[in-house]
Amino acid sequence: MSYVGPDFDPPQPRRSRRRALTVALAALLPGALLGWVLYEAVGDPGDGDASGTAAGRPSATTPTISGTSDDKPPGPTPATDSTAAGPLQGKVVVIDPGHNPNNFQHTSEINRKVNIGTNWKECDTTGTSTNDGYTEAEFTLDVAHRLRTLLRKQGATVKFTQDGDRSWGPCIDERAEIGNKAHADAVVSLHADGAGAGQRGFHVILPAKVNAGAANTGPIVTPSRDLGERIAGSFVRATGSAPSNYVGDGTGLVTREDLGGLNLSTVPKVFIECGNMRDSKDAALLTSGAWRQKAARGISEGIVSFLRG
Ligand code: ZN
């Protein structure tokens with residue numbers, strides 16, 4: 001939790017808005033993500049997102065990380081902020097930390113069904129956990145904080161769907177709505193999977209083309225795939241993790257039409273399952289602060305690449 005990597009120095013105040021600075025920063029950013037060749041993924045049977053139940057009692061405290069001097073204490077509403085000047089100035093990124101540490105205390109509320117266009121689905125789920133009880137909800141908030149810090153350093157305005165400051169939820173339809181109302185340029189929903197032991201690796205979930213009820217993903221399918229491919233490529237580079245060995249045919253990409261958070265989005269959005277909490281080797285990574293920092297950096301670089309075009 002105390003890891004401070006070479007790319008994770010406290011942000012330096014940048015007040016200049018000179019275009020020259022923007023260009024200089026842009027020139028320094030990696031552009032090799034397009035080398036990551038990915039194939040069309042088919043739908044998958046796995047779902048760590050909707051089937052998780054917490055094995056351990058989650059901590060009610062909000063996770064904190066050191067070395068993040070621009071992290072704000074959680075407030076009563078999702079925080080929005082923009083700090084440094086940089087290539088993402090004027091861009092809005094919504095981070096959706098999957099689940100909520102307090103969901104397990106509110107099963108009746110989160111089990112209420114909401115319409116996701118193609119189906120009715122639970123408002124939210126508890127998420128999964130490692131066999132030792134490190135919960136997915138703790139993991140997603142920790143990575144979200146690290147990711148927010150990195151994106152702010154690039155000048156982005158960052159908003160959370162929740163920051164462990166709610167008693168439950170939000171529901172998946174509200175999570176989508178938060179991104180929509182923010183007119184986000186990119187939304188990433190953070191997760192870790194709950195598959196079987198031996199099933200390892202990450203995958204990025206892309207919205208399928210859906211036009212049913214309130215869901216119409218037609219306009220976001222292509223940009224979301226672009227976002228997802230870039231995140232997958234940079235995630236491999238930053239973490240050294242391999243794409244999932246159990247979904248996505250080795251591409252690290254899966255397309256799904258059963259996730260409300262994607263179906264109801266009107267802005268480019270992907271999910272990322274950073275690893276499998278139920279596999280001991282993946283769990284060793286997911287519980288490492290140093291690894292989570294790498295994961296956040298990989299996701300951040302993918303977003304930056306997408307938003308810079
Ligand atoms: Zn999840």
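**Exercise 1.** Is the crossing of H3 and H8 right-handed or left-handed?

*Solution.* The model is predicted: local features need pLDDT of at least 70 and side-chain atom pairs count only at pLDDT 80 or more, while totals for chains, interfaces and linings use all residues. Residues are numbered from 1 along each chain as its sequence is written, and side-chain values use heavy atoms, with hydrogens and water left out.

Step 1. Locate the helices. H3 covers residues 136-153 and H8 covers residues 289-308. Helices (H or I, at least four residues) and strands (E, at least two) are DSSP runs, numbered from the N terminus.

Step 2. Take the axes, which are lines fitted to C-alpha atoms, for helices over the stretch in contact, with angles from 0 to 180 degrees between N-to-C directions. The axes of H3 and H8 come within 8 Å and cross at roughly 50°. That makes H3 oblique to H8 (under 35 degrees is roughly parallel, over 145 roughly antiparallel, 65 to 115 roughly perpendicular, the rest oblique).

Step 3. Assign the hand. The crossing of H3 and H8 is right-handed, meaning that the near helix is turned clockwise from the far one, whereas a left-handed crossing has it turned anticlockwise by less than a right angle.

Step 4. List the contact (heavy atoms within 4.5 Å). H3 contributes residues including Phe 139, Val 143 and Leu 147, and H8 contributes residues including Trp 291, Ala 296 and Ile 303. By class, the contact of H3 with H8 has ten nonpolar, three polar and four charged residues.

**Exercise 2.** Which residues coordinate the zinc ion?

*Solution.* Step 1. Find the donors (N, O and S atoms within 2.8 Å of the metal, or 3.2 Å for Na, K and Ca; water is not among the atoms, so sites may look incomplete). They come from His 99 (NE2), Glu 136 (OE) and His 191 (ND1), at 2.0 to 2.1 Å.

Step 2. Read the spacing. Along the chain, the donors follow H-x36-E-x54-H. His 99 lies in the loop between strand S2 (92-97) and helix H2 (107-111) and Glu 136 in H3, so this pair ties together parts that are 37 residues apart in sequence.

Step 3. Check burial (buried is under 20% relative accessible area, exposed over 50%, partly exposed in between, with a 1.4 Å probe and protein chains only). His 99 counts as buried at 1%, and Glu 136 is buried at 0%.

**Exercise 3.** Where is Ala 84 found?

*Solution.* Step 1. Ala 84 is in the loop between strand S1 (80-82) and S2.

Step 2. With a relative accessible area of 6%, Ala 84 is buried.

Definitions and conventions:
Ala, Val, Leu, Ile, Met, Phe, Trp, Tyr, Cys and Pro count as nonpolar, Asp, Glu, Lys and Arg as charged, and the others, Gly among them, as polar.
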